[in-house]
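Please read them alongside the sequence and the coordinates.

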Amino acid sequence: MSLCVPPQFLPVKPSELCARKLLGSFDSTKRDFRVFAISSVVKEASNFIPAAPIFLPEGPWKQIPGGVTAAEGFKAAGMYGGLRALGEKPDLALVTCDVDAVAAGAFTKNVVAAAPVLYCRSVLEKSKTARAVLINAGQANAATGDAGYQDVIDCSTALSKLLQVNPHEILIESTGVIGQRIKKEPLLSSLPKLVSLLSSSVEGADSAAVAITTTDLVSKSVAVEFEVGGTHIRIGGMAKGSGMIHPNMGTLLGVVTTDALVDIDIWRKMVHIAVNRSFNQITVDGDTSTNDTVIALASGLSGSKLISALHSTEAKQLQTCLDAVMQGLAKSIAWDGEGATCLIEVSVSGASSEAEAAKIARSAAIYGRDPNWGRIACAAGYAGIPFDSNALRIALGDILLMDGGQPLSFDRSAASNYLKEAGDAHGTVKIKISIGDGPGTGVAWGCDLSYDYVKINAEYTT
């Protein structure tokens with residue numbers, strides 16, 4: 001999330017903005033993913049940006065409407081509060097829980113962490129639960145010193161009074177221009193209306209998903225339903241991100257909600273695992289933002305039994321679905337990379353561990369839509385994971401390029417067409433790498449960068 005608030009978007013019909021992009025993506029990826037969906041967006045929000053395609057992996061879940069409000073106990077709202085430099089796209093979002101929700105967070109590893117990141121870390125170190133997440137777009141409130149930190153405290157205090165909860169039950173996320181403090185007065189004056197708009201409806205969730213975007217061309221929201229121990233459980237989420245995306249989370253903000261009943265220590269471990277398998281496995285431009293934050297809340301209102309052991313069957317079921325939701329959102333972020341024309345998916349197998357495979361996948365993903373597969377081999381080699389180069393195997397889609405460490409003759413025209421078709425349809429380019437016969441596997445996602453990326457970031461603060 002941390003990134004910035006780029007050139008604001010004027011109201012545009014979704015069909016005029018991304019119609020070809022969205023429809024083309026479906027054609028090129030429907031064979032690769034079981035679920036492809038575009039969530040509905042509240043009428044006012046859809047005037048600004050459409051919803052992203054969500055690429056959920058196959059699994060024992062059913063996609064449902066609702067995003068962050070799909071799980072029992074959660075409400076959301078999004079509105080324009082006057083924080084953006086241009087336009088009137090919603091710029092304030094709020095997600096609340098009717099009860100004390102078990103809370104976990106993952107944050108940027110940038111040493112220059114934004115004020116809201118420092119604040120959330122401090123809150124979660126002291127508290128196991130939270131009741132609300134307030135998010136603003138427009139100003140990142142990063143590199144703003146003590147005054148910026150006080151702004152966060154003032155916002156959480158004001159919201160806590162309206163919600164009648166403890167200030168330490170409020171978490172804050174910010175995205176926008178780095179170096180600028182929150183426009184506090186417009187934000188504070190907007191809070192009563194924002195609270196009044198809270199709803200458990202799909203519209204509430206979708207308006208919040210739009211409000212947290214900056215340079216994003218699409219909003220990202222998804223929800224699934226599945227069974228854990230015989231009880232129906234829901235997980236929903238929203239995220240934003242388009243530039244400054246790199247492993248250890250990039251310009252990325254996210255909120256994930258579930259009605260599962262789970263022990264705090266187990267929940268925090270599960271969120272850490274899921275983030276490492278999703279948001280920490282995407283890269284767009286090599287930048288690591290100052291504001292990256294993912295907050296995950298569990299209400300426990302599903303009626304399920306308490307999950308208190310990480311390796312229990314119920315915990316494994318919940319982990320799988322949590323991974324899927326976060327991966328779906330993460331892939332949408334990479335797909336929406338600033339100026340990107342395709343999603344890159346790099347799968348690595350044969351490593352000694354999942355962590356080693358994931359590291360190699362991240363190194364290779366940054367090359368995006370580059371027909372020079374030799375650079376992919378190079379990236380695998382410098383990832384810092386030792387392996388026998390004579391065991392290296394690389395494939396582009398179904399086209400085998402290297403096997404046993406030896407380059408192969410292949411149909412260059414077919415390879416070129418594979419890349420071109422993916423770019424023309426804003427689809428997915430799949431790269432498969434094997435480094436041996438170990439049990440470790442990992443996946444990472446990236447995108448190709450274009451002239452539009454340079455243009456967007458050059459105009460970012462205007």
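This is a predicted model: local features need pLDDT of at least 70, side-chain atom pairs count only at pLDDT 80 or more; totals for chains, interfaces and linings use all residues.

**Notes on helix packing, loops and annotated sites**

1. Helix 5 passes helix 6 in a right-handed crossing. Helix 6 covers residues 184-196, and its axis lies 10 Å from that of helix 5, at an angle of about 20 degrees. Angles under 35 degrees count as roughly parallel, so helix 5 and helix 6 are classed as roughly parallel to each other.

2. On the helix 5 side, the contact with helix 6 is made by Asp151, Asp154, Cys155, Ala158, Leu159, Leu162 and Leu163. Helix 6 contributes Lys184, Leu187, Leu188, Leu191, Pro192 and Val195. Sorted by class, the residues of this contact are 10 nonpolar and 3 charged, with no polar ones.

3. Helix 5 also packs on helix 4 (residues 115-126): the two axes come within 8 Å and cross at roughly 60 degrees. Helix 4 and helix 5 are therefore oblique to each other. The crossing of this pair is right-handed. From helix 4 the contact takes Ala115, Pro116, Leu118, Tyr119 and Ser122, and from helix 5 it takes Gly148, Tyr149, Val152, Ile153 and Ser156. The contact of helix 4 with helix 5 has 7 nonpolar and 3 polar residues, and no charged ones.

4. What is the angle between helix 8 and helix 9? Helix 8 (residues 264-276) and helix 9 (residues 313-335) pack at about 40 degrees, and their axes are 9 Å apart. Helix 8 and helix 9 are therefore oblique to each other. The crossing of helix 8 and helix 9 is right-handed.

5. Asn141 is not a glycine, yet its phi is positive, at about 55 degrees. Ala143 likewise has a positive phi, near 60 degrees, in a residue other than glycine. Most residues other than glycine have a negative phi.

6. Are Asn141 and Ala143 buried or exposed? Asn141 has a relative accessible area of 0%, so it is buried. Ala143 has a relative accessible area of 55% and is therefore exposed, since the cut-off for exposed is over 50%.

7. Gly59 sits in the loop between strand 2 (53-56) and strand 3 (62-63), and its relative accessible area of 27% makes it partly exposed. Lys109 is in the loop between strand 5 (92-107) and helix 4. Lys109 is exposed, with a relative accessible area of 62%. The C-alpha atoms of Lys109 and Asn291 are separated by 9.4 Å, although these residues are 182 apart along the chain.

8. On the annotation: the unreviewed UniProt entry carries a "binding site" feature that covers Thr214, Lys240, Thr251, Glu338, Asn457 and Thr462. One of these, Thr214, lies in the loop between helix 7 (202-211) and strand 8 (220-228). Thr214 is buried, with a relative accessible area of 0%. The annotation comes from the record and may be inferred rather than shown by experiment.

9. For the chain as a whole, the secondary structure comes to 13 helices and 17 strands. The chain has 462 residues, of which 59% count as buried. Among contacts with a separation of 6 or more, 81% are between residues 24 or more positions apart.

How values were computed. Residues are numbered from 1 along each chain as its sequence is written. Side-chain values use heavy atoms; hydrogens and water are left out. Helices (H or I, at least four residues) and strands (E, at least two) are DSSP runs, numbered from the N terminus. Buried means under 20% relative accessible area, exposed over 50%, partly exposed in between (1.4 Å probe, protein chains only). Axes are lines fitted to C-alpha atoms, for helices over the stretch in contact, and angles run from 0 to 180 degrees between N-to-C directions. Angles under 35 degrees count as roughly parallel, over 145 as roughly antiparallel, 65 to 115 as roughly perpendicular and the rest as oblique. A crossing is left-handed if the near helix is turned anticlockwise from the far one by less than a right angle, and right-handed if clockwise. Contact means heavy atoms within 4.5 Å. Ala, Val, Leu, Ile, Met, Phe, Trp, Tyr, Cys and Pro count as nonpolar, Asp, Glu, Lys and Arg as charged, and the others, Gly among them, as polar.
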